[in-house]
There are 2 protein chains.
Amino acid sequence: MKKGDKYGVHRVLEPRGTLPQPALKLNNSTEIYDNEILIDVEYLNIDSASFERLKEETGGDIEKLKNRIMEIVEERGKMQNPVTGSGGMLIGKVEKIGPALKDKIDLKVGDRIATLVSLSLTPLKINSIKNIEPEIDRVEIDGKAILFESGIYSKLPTDMPDTLALAVLDVAGAPAQTKKLVKEGDIVLILGATGKSGLLCSYVAKKQVGKKGKVIGQARNDKRAEFLKSTNVCHEVIVADVLKPTEVLEKVLEVNNNKEVDLSINCLSIPNTEMSSILPVRDGGIVYFFSMATSFTKAALGAEGVGKDVTMIIGNGYTKNHDKIALDVIRESEALRKIFEEKYVK
Amino acid sequence: MKKGDKYGVHRVLEPRGTLPQPALKLNNSTEIYDNEILIDVEYLNIDSASFERLKEETGGDIEKLKNRIMEIVEERGKMQNPVTGSGGMLIGKVEKIGPALKDKIDLKVGDRIATLVSLSLTPLKINSIKNIEPEIDRVEIDGKAILFESGIYSKLPTDMPDTLALAVLDVAGAPAQTKKLVKEGDIVLILGATGKSGLLCSYVAKKQVGKKGKVIGQARNDKRAEFLKSTNVCHEVIVADVLKPTEVLEKVLEVNNNKEVDLSINCLSIPNTEMSSILPVRDGGIVYFFSMATSFTKAALGAEGVGKDVTMIIGNGYTKNHDKIALDVIRESEALRKIFEEKYVK
């Protein structure tokens, strides 16, 4: 059996030597290398940007959609939308585990898993598409996929439906990183606390800070603020426009005895909120950006411009046990589970 | 005397309530608020992107250039290029210090300083332009500027020429942050070690890691590698193409007993080097991005894609005492002083 590269570089056909994600074509042979996992795929969850684009291209015709997906996967050896560059994730059963991996991981043949690395870097072979459910971006297939040694995954829980688990796993990095970062007694600001990752982060932060700390959640209007208060995941709720950094700062100072916070966590999904994340934080504090709309230069130059000696961290979607940490929130909090079921499960 | 906002929001005329940097027009009155510093300006160092643009616009005619600069400052109350959005810095003497600041800072009237916040947020009034030296982007003026309470500055040293001090202060954040981050015994990779900030970071990192640690410097070709070796600021020098992450990883492993590093510091100025910074770092390690060409999403999604549990930090140009830390490198190292004088002093 051949030895594979940790990151899957051995599967790249074009251009040689690059990583699988930027590669144009992967080898999707189902014969595994010694450090790979073969997955018998149940269904793909296509990334919504990609799926919208595919629906447009095919005018919503299911047969055309099936053909287009088959075409892309045949051409690239992976389900990466040529226009959006994005992928999605997949659910399936472990069929084979390479001998070099077997004793290092907590998986066994037959386990049902969700891959948490993008389809845009996952070798995939589709024999046939059985069904498409366009309203939930789901493509049921008969096919196989390969997970590299560096690939992350989560065993699917048996105590909740797939759809709920996937909604949580989608943002699992945020609460897990919050757990790592937030210390007892910290004063924490959560921007976008009423959203999917904001709720999970607030919940985890509140547990971490304990009785001496405080979690301040930001909402964009009174209605969202009322909702946030009803969840009880924050100690304080402020209403502020995140595009107005000085307004955010003022509202934070008002509920925090005129003091800056130790840490802010940006869970928003809109651009130009860097300064609203930076201004309320004390010198020596931490700013954590989960928002994919964050601009590196706006953050770097912004902090310098206001002379803020803060540590700014790029949100990493992966950290050890992030799946378990996020799923445990939903197991612990009935209120959040209910909100997720109502709002985020399609 | 009126009380001013820490960040200078009281000086913003248009649009009200925004911070001075994104503002279209600032109040450049030389009557100071209680927490401001009035500076008698000697010269402006226009940001080179802005200066190139101005030269283009005016066809290199010095009188037209003077008029254009006067025009911009009259219109905006600050020297912010309307096209590039960038500013630069200024050198001048402290003329007045607001009473609310007087006892909090280490400045006195008459001190010669360089402002380290951008001209794009600094209220400026120009009476006349005395001289322009286009080859060093310098504009000598008779005029006044205002520094806000949050504004950062550095007292100009008397043991080196302005030009040398400015070349060092320009990248002062990088070595200062390196000093904070790097611990004894660490294995550190510096990408772009042969450049201006790379040399300073390597020097500081080598001091920090001590005898048990190691600093690995990356150079883009043999010639640059020879130069880097001659400076003696790194323990090991590798030649690798930063656009090929797997090549960088291999070269690092070769000189580090097949082990990943604790920390990588990206001092490059080219795009698409996120993965080259992430791959060589061990789980639990740190990736520090100083490069302004860093893409937030490429870093965030890239780390997740390869399942790397690393902390990724956005380079902050400011940290406490960053000016002194950087200038001290040049005071300590004759070799680096000589390189800076030859290569970076115009």
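Contact means heavy atoms within 4.5 Å; helices (H or I, at least four residues) and strands (E, at least two) are DSSP runs, numbered from the N terminus. The model is predicted, so local features need pLDDT of at least 70 and side-chain atom pairs count only at pLDDT 80 or more, while totals for chains, interfaces and linings use all residues. Residues are numbered from 1 along each chain as its sequence is written, chains are lettered from A and ligands numbered from 1 in the order in which they are written, and side-chain values use heavy atoms, with hydrogens and water left out.

Q: Which elements of chain B do the buried residues of H9(A) pack against?
A: Buried denotes under 20% relative accessible area, exposed over 50%, and partly exposed the range in between (1.4 Å probe, protein chains only). In helix H9 (residues 296-305) of chain A, the buried residues are Phe296(A), Ala299(A), Ala300(A), Gly302(A), Ala303(A) and Gly305(A). Within chain A they pack against helix H8 (274-278), strand S13 (281-289) and strand S14 (311-314). From chain B, their partners are strand S13 (281-289), helix H9 (296-305) and strand S14 (311-314).

Q: Which three residues supply more than any other three of the area that chain A buries against chain B?
A: Buried area is the accessible area (1.4 Å probe) that two parts lose on being put together, summed over both. Chain A and chain B bury about 3,600 Å² between them, with 64% of it on carbon and sulfur atoms. Of the area that chain A buries, 21% is supplied by Tyr7(A), Phe296(A) and Ile314(A).

Q: How many salt bridges are counted between chain A and chain B?
A: A salt bridge requires a side-chain nitrogen of Lys or Arg within 4 Å of a carboxyl oxygen of Asp or Glu. Between chain A and chain B, the count is 4.

Q: Which element gives the largest share of the side of chain A that touches chain B?
A: The rule for polar contact takes N or O atoms within 3.5 Å; within protein, one must be able to donate a hydrogen and the other to accept it, and residues adjacent in sequence count only if both atoms are side-chain atoms. Across the interface, 17 residue pairs meet this rule (both at pLDDT 80 or more). Helix H7 (245-255), H9 and S14 of chain A each supply at least two residues of the side that touches chain B. The largest share, 8 residues, comes from H9(A).

Q: How many residues apart are Glu63(A) and Lys66(A) in helix H2?
A: Their side chains meet in a salt bridge at 3.6 Å, N to O. Glu63(A) is partly exposed at 48% relative accessible area, whereas Lys66(A) is buried at 15%. Both lie in helix H2 (residues 62-76) of chain A, about one turn of the helix apart, a separation of 3 residues.

Q: How many residues apart are the distant parts of the chain that Asp159(A) and Arg331(A) link?
A: Asp159(A) forms a salt bridge with Arg331(A), the closest N and O atoms being 2.8 Å apart. Asp159(A) lies in the loop between strand S8 (153-155) and helix H3 (162-169), and Arg331(A) in helix H10 (residues 322-332), all of chain A. The separation is 172 residues.
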